[in-house]
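Good morning, and thank you for coming. I would like to go through the ligand sites of one structure with you; please bring it up now.

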Amino acid sequence: MEDLIKRARQCASEIKKYDDILIVSHIDADGLTSAAIAHISLERAGISSKVCFVKQLDKTYLNKIEEESYDLVLFTDLGSGMQDEILGRDLNAVIVDHHVPRGDNIRFHLNPHLVGFDGSDQLSGSSTTYLLSTQLGMNYDLVNLAVVGAVGDLQDSKKGRLVGLNREIMLEGVRNGFIDNQIDLRMFGKQTRPVYRMLQYSSDPIIPGITGREEGCIEFLRNLGIPLKEGEKWRRWIDLDFSEKRKIVSELVKLAIESGINASLINRLVGEVYILLSEPEGTELRDAMEFSTLLNATARYGYEEVGLKICIGDRDRSLSTARRLLAEHRKNLADGLNLVKENGIEEMENLQYFHAGKKIRETIVGIVAGMSIPLTNTEKPIIAFAKKDEGIKVSARATQNLVRKGINLAEAINRAAKEVGGVGGGHNIAAGATIPDGKEEEFLQRLNRILEKQLKSKGARL
Ligand code: C5P
Ligand code: C5P
Ligand code: ZN
């Protein structure tokens, strides 16, 4: 951690030399919270900044910002994979990111990988930016946003809780009275949905008879003697008492075991959840998991300004717009998952894939790929294709077990994409790319061979 703090201090003193700063960030929950942390802490330090979001950093966008001649460009939650493209330009740049770095190292660069930590679970873009913010001033309250970004990037999914540096940061937030970490059901909607709906929409793991089954969920609660309503009001998870919650959890675990779901998936059912104490109870913003989904529902649909405003503190118009977008987002995810179920997944030796064409938005196809994992052969990474306006979006997801066996998707996707004239990168467990139209088959063939080599070389080392 000390090496990171030292780098954070160097980046902060560089930033303080300038005024007119452009923050460039990524269009997901982690990118939004990173940008918000940067923007708020710069403002508190008396430095003005403008925020822009991109789906992906590319040459065209870099050309554009080079022309706009800002004093300094601060890249958050992206940039580390594009250092060679940034370096040769007339740009003062600081990169604060957690993706696997590529190319010659830029001078002012804060990234866990540079000091030997894995950016897929140790630090998100938001928690890395939080480290920067603590060197810009007294910004300890921004820990809330740091945790929302980390949860949004699923950095707590491996163990069912935040680990490593993320954990140190989160626990500091607990000690300072901003966050409460509790062991609870790790389902979406505990703050906001009727319990039966929360159960119905659960997808990780998929529980037969519960997931997607309204009647099944109502029946399940009735059989346990748990009232669905209090007067006219549907009861939410937060309205239940401890013994009711315990009954539901043990019955869910029993159901999952009976239906043969494997132990590591069942373990994900209950874990650590993060309550943001400054947010009102019963709102999406109170729970880091719900907050991050709400943010994804904005930025991934072109409404990044709405998400950013919520992070910065707008609780009126932006929040109601985001709630509307959230309903659409959840429908799109459910439709996407159904499409995968109906059309099926093709298998190759070392990977499996589906092509969504235009039926799943390229900005959420990665989430759908991740949600499909429990439906698939978990021994192989899943690759998803979706049509972009120009070219094909590739999203790839693996499991922790595959990473242990030697799979590194950031590396594999980057190489396979480059070989067919595309660009890509990311993390060992989740990566993405854009490739030219019509190159999907060749890309798959090349990726299949690269993955085989990764597995063999790890096998040989063991
Ligand atoms: O670009 P960024 O780093 O913010 O995105 C990380 C992506 O990796 C997220 O879409 C997240 O869902 C995915 N991920 C995952 N499993 C993990 C860690 C991250 O699918 N264990
Ligand atoms: O878009 P998707 O959610 O599949 O992205 C997975 C991971 O790969 C993210 O961390 C994203 O930032 C990264 N990625 C990348 N280059 C791309 C596309 C995605 O580094 N061209
Ligand atoms: Zn991120």
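Let me begin with a term: a polar contact is a pair of N or O atoms within 3.5 Å, and within protein one must be able to donate a hydrogen and the other to accept it, while residues adjacent in sequence count only if both atoms are side-chain atoms. Please note that this is a predicted model, in which local features need pLDDT of at least 70 and side-chain atom pairs count only at pLDDT 80 or more, whereas totals for chains, interfaces and linings use all residues. Residues are numbered from 1 along each chain as its sequence is written, chains are lettered from A and ligands numbered from 1 in the order in which they are written, and side-chain values use heavy atoms, with hydrogens and water left out.

I turn to ligand 1. An oxygen atom of this ligand lies 2.9 Å from a side-chain N or O atom of Asp28. For His98, the corresponding distance from a ligand 1 oxygen to a side-chain N or O atom is 3.0 Å, and for His99 it is 2.9 Å. Of the 470 Å² of accessible area that ligand 1 has on its own, the protein covers 88%; such areas come from the Shrake-Rupley method with a 1.4 Å probe, and for residues only the protein chains shown count as cover.

His98 leads us to the zinc ion, ligand 3. Its protein donors are Asp30 (OD), Asp77 (OD), His98 (NE2) and Asp153 (OD), at 2.1 to 2.2 Å. Donors here are N, O and S atoms within 2.8 Å of the metal (3.2 Å for Na, K and Ca), and water is not among the atoms, so sites may look incomplete. Along the chain, the zinc donors follow the spacing D-x46-D-x20-H-x54-D. Asp30, in helix α2 (residues 29-44), and Asp77, in the loop between β3 (72-76) and α4 (83-87), are 47 residues apart, and the pair links distant parts of the chain. Helices (H or I, at least four residues) and strands (E, at least two) are DSSP runs, numbered from the N terminus.

Finally, ligand 2. An oxygen atom of ligand 2 is 2.5 Å from a side-chain N or O atom of Lys393. Backbone atoms take part as well: a polar one of Gly426 is 3.3 Å from a ligand 2 oxygen, and an N or O atom of Gly432 is 3.1 Å from one. The protein covers 82% of the 460 Å² of accessible area that ligand 2 has on its own. Strands β13 (392-397), β14 (423-426) and β15 (430-435) are the elements giving two or more residues to this shell.
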